[in-house]
Amino acid sequence: MNNQRQILSSLIAAAFLATSGLAFAQKPGVMIYATGGTAKSATDTTGYTAGALGIDILLNAVPEIKNVADVSGEQISNVASGDINQTILLKMAKSINAKLGERGTNGVVVTHGTDTLEETAFFLDLTVKSKKPVVVVGAMRPATAI
């Protein structure tokens with residue numbers, strides 16, 4: 001779970017820094033969209049199955065995250081990044097646009113596998129119509145890796 005804490009702390013730090021120029025009467029609202037899961041084993045870094053852990057498990061692994069931001073999460077898909085398709089991308093863009101249109105949302109983080117991360121980031125850059133930050137992050141190892 002230590003790697004999960006580092007990943008989620010990095011996600012929130014990225015979103016918080018992106019919104020740090022804004023004045024907040026309360027903690028910033030950050031929505032995390034998860035596109036896939038990760039491995040169940042701490043030693044399985046190559047043959048793991050995407051989707052084994054969902055966003056709720058990752059958020060619950062780092063309760064301190066609530067000290068810096070009002071964080072919520074949505075499992076937008078549960079696939080390996082090579083399996084991200086048009087349906088998932090359109091669903092993600094629509095959901096992100098709606099969420100960023102809400103008053104309490106200051107930024108969005110998308111967790112993503114590294115195989116197609118740049119394609120998703122480019123698509124979101126073209127389709128998300130908000131000046132609020134959208135941070136797309138990936139890791140070369142699953143969150144459960146030691």
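Visitor: Where is the place of Glu119?

Guide: Glu119 sits in helix H4. Helices here are DSSP runs of H or I with at least four residues, strands are runs of E with at least two, and both are numbered from the N terminus. This is a predicted model, in which local features need pLDDT of at least 70, side-chain atom pairs count only at pLDDT 80 or more, and totals for chains, interfaces and linings use all residues. Residues are numbered from 1 along each chain as its sequence is written, and side-chain values use heavy atoms, with hydrogens and water left out.

Visitor: Is Glu119 exposed, partly exposed or buried?

Guide: Glu119 counts as partly exposed because its relative accessibility is 43%. Buried means under 20% relative accessible area, exposed means over 50%, and partly exposed lies in between, using a 1.4 Å probe and protein chains only.

Visitor: What is Leu124 in contact with?

Guide: Leaving aside neighbours within four places in sequence, Leu124 is in contact with Met92, Ala93, Ile96, Val110, Val134 and Val136. Contact means heavy atoms within 4.5 Å. Leu124 and Leu89 are 8.1 Å apart, C-alpha to C-alpha, and 35 residues apart in sequence.

Visitor: At what angle do H3 and H4 pack?

Guide: Helix H3 (residues 86-100) and helix H4 (residues 117-127) pack at about 45°, and their axes are 10 Å apart. The axes are lines fitted to C-alpha atoms, for helices over the stretch in contact, and angles run from 0 to 180 degrees between N-to-C directions.

Visitor: What is that arrangement called?

Guide: H3 and H4 are therefore oblique to each other. Under 35 degrees counts as roughly parallel, over 145 as roughly antiparallel, 65 to 115 as roughly perpendicular, and the rest as oblique.

Visitor: Which residues make the contact?

Guide: From H3 they are Leu89, Leu90, Met92, Ala93, Ile96 and Asn97, and from H4 they are Thr120, Phe123, Leu124 and Thr127. The residues of this contact comprise seven nonpolar, three polar and no charged. Ala, Val, Leu, Ile, Met, Phe, Trp, Tyr, Cys and Pro count as nonpolar, Asp, Glu, Lys and Arg as charged, and the others, Gly among them, as polar.

Visitor: Which residues touch the most other members of the largest nonpolar core?

Guide: Of its 14 residues, those are Tyr33, Met92, Ile96, Val108, Val110 and Leu124. A nonpolar core is a set of buried Ala, Val, Leu, Ile, Met, Phe, Trp, Tyr and Cys residues joined through side-chain atoms within 4.5 Å.

Visitor: Where does the largest share of this core come from?

Guide: H3 supplies that share, with six residues.

Visitor: What does Val110 contact, leaving aside its neighbours within four places in sequence?

Guide: Val110 is in contact with Tyr33, Thr35, Met92, Ile96, Leu124, Val134, Val135, Val136 and Val137.

Visitor: Switching to Gln86, buried or exposed?

Guide: Gln86 counts as exposed because its relative accessibility is 65%. Gln86 is found in helix H3.

Visitor: How many helices and strands does the chain have?

Guide: The chain has four helices and four strands, running α-β-α-β-α-β-α-β from the N terminus. Of its 146 residues, 40% count as buried.
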